[in-house]
Amino acid sequence: MAKLYFKYGAMGSSKTATALITKYNYEERGMRVWLIKPAADNRDGEFTLRSRVGLTAEAEAIGPDKDIRALYDQREKVDVIIVDECQFMTQAQIDQLRELVDREDLPVLCFGLRTDFQTKLFPGSRRLFELADSITEIKTICDCGRKATVNARLSPEGYVVTEGSQVFLGGNDSYIAMCHKCYQDYIKKHRKVEFLHGNERDSE
């Protein structure tokens, strides 16, 4: 029986790379994959998924007003749906993916973040925790060596930001995964992040 999968991790945990490798593994076996992402994720182009390690693929961008069931019914049938950056999907769209799993006996694999830079659940992720049959954490580590669980947003000057819009697309210069202890230390001590992903930050 097909399942709805939620594979989550902090930024830098190779979620997109894992999604693209999963796509390759299905296609290597002659299976058809529908690779989709929310239209809000346009960092690498409207229809492109690109991982930090250099893997890329074309994906269909889904706007927040789109019904994924209707889109599925209008296209050639597939063997699996893979969703990247699923935290930006609406709760209604997660419900639609759940319905496709049940109705079509179709596996749906969702990859994304659990929480935002304020450690609050994204709406799409919240709904996946409520509906997914299988929930797996893709782990990564903080610079201190502990498991990273927080997606810290950085100001241009290198300080951890605690206010702002939940959706702010940025790359390695805007976000860094941290353990909760380091996240709190940077905030309380108003310390500047001097090293970003193992490299010294450019001085302003």
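Strands β9 and β11 pair in the antiparallel sense over four bridges; strands here are DSSP runs of E with at least two residues, helices are runs of H or I with at least four residues, and both are numbered from the N terminus. Two strands count as paired if DSSP finds at least two bridges between them. In this pairing, N151 has A177 of β11 as its bridge partner. This is a predicted model, in which local features need pLDDT of at least 70 and side-chain atom pairs count only at pLDDT 80 or more, while totals for chains, interfaces and linings use all residues. Residues are numbered from 1 along each chain as its sequence is written, and side-chain values use heavy atoms, with hydrogens and water left out.

On its β10 side, strand β9 (residues 150-154) pairs in the antiparallel sense over two bridges, and L154 has V160 as its bridge partner in β10. Together the three strands make an open antiparallel sheet in the order β10-β9-β11. Because β10 (160-161) and β11 (175-178) each have a single partner strand, they stand at the edges, and one side of each is left without a neighbour in the sheet.

## What covers the sheet

Helix α5 (residues 180-188) packs on this sheet and touches β9, β10 and β11, where contact means heavy atoms within 4.5 Å. The direction of α5 makes about 125 degrees with that of β11; axes are lines fitted to C-alpha atoms, for helices over the stretch in contact, and angles run from 0 to 180 degrees between N-to-C directions.

In a regular strand, side chains alternate between the two faces of the sheet. For β11, both faces are covered: Y175 and A177 are buried on one side, I176 and M178 on the other. Buried means under 20% relative accessible area, exposed over 50%, and partly exposed in between (1.4 Å probe, protein chains only).

## Two loop residues

Now to the loops. G12 sits between β1 (4-8) and α1 (15-28) and is partly exposed, with a relative accessible area of 35%. Leaving aside neighbours within four places in sequence, G12 is in contact with R52 and T140. G12 and R52 are 40 residues apart in sequence, and their C-alpha atoms are 7.9 Å apart in space.

V53 belongs to the loop between β3 (48-50) and β4 (56-58). V53 counts as exposed because its relative accessibility is 60%.

## The protein overall

The protein has five helices and 13 strands. Buried residues make up 45% of its 204 residues. Of the contacts between residues at least 6 apart in sequence, 73% join residues at least 24 apart.
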